[in-house]
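Work through the exercises below with the sequence and the model open. Each task is followed by a solution in steps.

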Amino acid sequence: MRSRSNSGVRLDGYARLVQETILCHQNPVTGLLPASIQKKDAWVRDNVYSIMAVWGLGMAYRKNADRDEDKAKAYELEQVDKVEKFKLTQSTKDCLHAKYDTPTCATVVGDDEWGHLQVDATSIYLLMLAQMTASGLRIISNLDEVVFIQNLVFYIEAAYKVADYGMWERGDKTNQGIPELNGSSVGMAKAALEAIDELDLFGAHGGPKSVIHVLPDEVEHCQAILCSMLPRASTSKEIDAGLLSVISFPAFAVEDADLVAITKSEIISKLQGRYGCCRFIRDGYHCPKEDPTRLHYDPAELKLFENIECEWPVFWNYLILDGIFFGDQVQVQEYREALEGVLLRGKNGIKIVPELYAVPLDKIEEEYSNPHSVDRVPMGQLPHMWGQSLYILGCLLAEGFLAPGEIDPLNRRFSTSFKPDVVVQVCVLAETEEIQELLRDLGITVQTISEVLPIRVMPARILSHVYVKLGNSKKLKLSGRPYRHIGVLGTSKFYEIRNRSYIFTPQFLDQHHFYLALDNQMIVEMLRTELAYLSSCWRMTGRPTLTFPITRSMLVDDGDAIDPCIIATLRKLEDGYFAGARFAYIYGMIMKKYTYFCNTTSYSFSFLSWDQIHSWFLSEGSTDGFDQYLMQLLQSTTAQSHLPPIQRGLQHIFSAEHTTKDILSSSSAWFACKSEQGKPSWFFYFRQLFVAFYVHILSVLYDASFVKLHSIAELQLPRDSCGNTDFAALVRQLKECPTLQDQADILYILYVMKGADWVVELSDAGMGGPSVRLLLEELYVQAGASKEWGLIRYISGILRKRVEVLAEACTDLISHHKQLTVGLPPEPRERVITAPLPPEELNTLIYEASGQDISVAVLTQEIMVYLAMYVRSQPALFGDMLRLRIGLIMQVMATELARSLHCSGEEASESLMSLSPFDMKNLLHHILSGKEFGVERSMRPIQSTATSPAISIHELGHTGATKTERTGIHKLKSEIKQVSIILSMC
């Protein structure tokens, strides 16, 4: 038993060590700590690590000495404008700075003069703020600070798709100022988000307004990306000792114990030396061969640093803490003894942790030839405050002054513990009573959406709008969470808003963003994926409840039946197992049963107080502002009818030789490829056959002084008496179009020549009318209802629609160590993507690389999403691939269609664009896997105005026949019905 007096003496010794090595350097005005005596600037990360020793010592005194001690203080570094900008742009120039002036807190270098974007620095600040608050400290003192912290959460929540400079500030290993996706940043952000979620920053004295909120899907995205990267640290770094902070204290971010062990083993085997661990292989920092006058290296300079990298004792502190937290006393003893051998002695025998040990200049050649053989010399910061703090913390824990739970009150160290299986509840609802009757006829009993009141069912986009209000502050000029889609973890909870219950349908069912949700087979595929995701990733209390409404868009045969793929899915859900997981199928009046409601996680929007609702939502004369706000959001996306009906039997507006491709960009033809023994070759020659002249002409706003207009004349557009395009006549032609495609062509011309906001006067002149954009949106809905996929992609391109998860898909592929290219070769048209990009920047890059071919740009996004789906679920498909060239993948897909359909390349290109999303995904899978597939043509419904045949892709069975050919009774009945209708019209 340790005597009290002895404990006090030893604690006083550590207090003196903290005072003389850390606190003596603290600025009395700002409270900031400089990096060292030599480096006067204050780094965010170093300050957080340095204060850990003070925090730990304070708790040890409270526990062992019954006296007040120094309390850790964290200071909020207010750069509101940068937080606000970065949430939207994720640009390296809009981020918080990594270091500040110690006496004034002012910035010390410009935005582009340092690798400031270091997501892990902001993340560890939030993580330790959460841990210290949970330990009983009161650090945040007012609601303005709470709002700022909430916006810092939004700042880091997209860390899984942000390329930054990492914890060593240099970005890419080559040290040329190139940001990349870093596992240390993603892992620390994931830990911070988990730690601060639902935490009351005022502790026991707080309330709903002082609670921080985190969306669970953002945490899971970080988890997935991190696990796909490890044990690699980034694209350029095979391994990085900084990952010790992610797999162990303080983050404990990895839930897979095996992956933790593998990563730690890689660090020790590849980076450990006699004096510590080097940061990463070929790290040139402070090496004798490094030129300290240059911020960046030359491209071929890394080779000089191999085998002479500096070794950092700080990493042994991490390994000591790791051993303490996981109960490995042998590891603790081993590294404590090793660390004692590299510590320096200061005044009065104070033990000091140096920053690093370097190879002496005169021993370089010897170390090159025989690594780890020469004696090294200490260099850099003395003391290294980050390492000094961790050393003191490790001593306090190892000697029993602190227990692991006291510096980890949120219990993050148990992240690798076993988690029980999750039963997902699936609630099926009918949109209308007619759909309810159709389901009842099939023996499936469900409620309508109106019958589940008082529980209100809303689309996921409404939840996104509500979350925009979280963290909103006019006083601080903070806008809250950017409008982003909400994942299925977020929509699988009940929400309480003003004592009313809401539940939200999944994002993948929302047809207002991208067209994947228009394909019922694709909906089933995404439902399967999301249910499996829910089952494996749910971490909250209670059961997740996924709401699956059967809507009008899921009907076939003129609304007389429900799509067979939807019915088959409902049958499987009734069995209790789907996508390899357990489910509880909720139907009928059971939705209103109290037991099912209580089994589901319920979440209260506590940040929506009455005062805030009044200021945000309430309009003059309104008594229920929030309901009014929801109705406005729903009405803003409700389809309206402005377009004139198509006039069947009339001639096409444009002559046969001027197709949509002429109007769009004079088209690019797909290219024939050489084949060997009847099978497609992956290497083929190609050349561009046409030039995108028409879009270029329109882009200069048909300025006659700049370019001749003979190309427009060839399109036979109507002319007025002065020879200019007669837009009134073009609008009249819009009323006489025989197909939706003709309407799309006219609207595209108006879109380019007059602009998206130009008013189309469909009624009397001067009476106003809808804008071109509004008509295109309406036409998009009509094309979706008739499943004309080529037209849908065409209109999506005109409107520049973007997949909600485009940036996430790009990051998924990059995190699996793949490069992406978009566009067709050669460069610079084909653009290479090696690091995550912000959504808008990525979208712009795709359209630029597609050479104004908007349909190809849209298809590029679609294929990128499918590739990401497959790299997550079937990574073996990509085993031998380093670079995924999407432009060439599309060419291969078109060539395979041409071979299977025995048609020309141009016809195959049109058929490719006309594939449904589900068939497009299947075709891509067959291309990647090398499996044989069959192609089927089928008749379109008689009401369809599409000119291309319906094409479907199927896997070939053992007999060579497709599954649909063997069991396609439903399709056969449908085609017989179509023939009967045609004969009756003759």
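**Exercise 1. Pairing around S13**

Which residue in S13 is the bridge partner of isoleucine 497?

Solution. The model is a predicted one.
Step 1. Take strand S12 (residues 494-497), which is joined to S13 by three bridges and runs antiparallel to S13.
Step 2. Read off the partner of isoleucine 497 in S13: arginine 500.
Step 3. Check the turn. The hairpin of S12 and S13 has two residues between the strands, and arginine 498 there takes a positive phi near 55°.
Step 4. Of the five residues of S13 (residues 500-504), four are buried.

**Exercise 2. Pairing around S22**

Find which strands pair with S22, and state the direction of each pairing.

Solution. 
Step 1. S22 (residues 819-822) and S24 (residues 883-885) run parallel and share three bridges. Here glutamine 819 has arginine 883 as its bridge partner.
Step 2. S22 and S23 (residues 831-833) run antiparallel, again with three bridges. Opposite threonine 821 stands valine 832 of S23.
Step 3. Look at the loop between H30 and S22, where histidine 817 lies. Its phi is positive, near 65°. At 30% relative accessibility, histidine 817 falls between the 20% and 50% cut-offs and therefore counts as partly exposed.

**Exercise 3. The second largest pocket**

How many residues line the second largest pocket, and which lie nearest its centre?

Solution. 
Step 1. The volume of this pocket is about 1400 Å³.
Step 2. The lining consists of 49 residues, with His221, Thr529, Glu530, Tyr533 and Arg872 nearest the centre.
Step 3. Sort the lining by class: 24 residues are nonpolar, 11 polar and 14 charged.
Step 4. Assign the lining to helices. At least two residues each come from H7 (216-229), H18 (520-537), H30 (806-815) and H32 (854-873). H18 gives the most, with nine residues.

**Exercise 4. The span of H33**

Solution. 
Step 1. H33 (residues 886-901) has 16 residues, and at 1.5 Å a residue the helix should span 22 Å.
Step 2. The end C-alpha atoms are 22 Å apart, so the two values agree.
Step 3. After the helix comes histidine 902, with a positive phi near 55°.

**Exercise 5. Backbone exceptions and cysteines**

Locate cis peptide bonds and a positive phi in the loops, then check the cysteines.

Solution. 
Step 1. The bond from leucine 230 to proline 231 is cis, with omega near 5°; proline 231 lies in the loop between H7 and H8 (244-247).
Step 2. Phenylalanine 249 and proline 250 are also joined by a cis bond, with omega about 5°. Proline 250 is in the loop between H8 and H9 (257-271).
Step 3. Histidine 372, in the loop between H12 (364-369) and S6 (377-379), has a positive phi of about 65°. Histidine 372 is partly exposed, with a relative accessible area of 39%.
Step 4. The count of disulfides is zero. Cysteine 395 is buried at 2% relative accessibility, and cysteine 737 is buried at 0%.

Methods:
Residues are numbered from 1 along each chain as its sequence is written. This is a predicted model: local features need pLDDT of at least 70, side-chain atom pairs count only at pLDDT 80 or more; totals for chains, interfaces and linings use all residues. Side-chain values use heavy atoms; hydrogens and water are left out. Two strands pair if DSSP finds at least two bridges between them. On a 1 Å grid over the protein atoms alone, a cavity is a set of points where a 1.4 Å probe fits but cannot get out, and a pocket is an open set with protein on both sides within 12 Å along at least five of seven lines; lining residues have an atom within 4 Å of a point. Grid points are joined across faces, edges and corners, and a volume is the space filled by probe spheres set on the points. Ala, Val, Leu, Ile, Met, Phe, Trp, Tyr, Cys and Pro count as nonpolar, Asp, Glu, Lys and Arg as charged, and the others, Gly among them, as polar. The expected span of a helix is 1.5 Å times one less than its number of residues. A disulfide is a pair of cysteine sulfur atoms within 2.5 Å. Buried means under 20% relative accessible area, exposed over 50%, partly exposed in between (1.4 Å probe, protein chains only).
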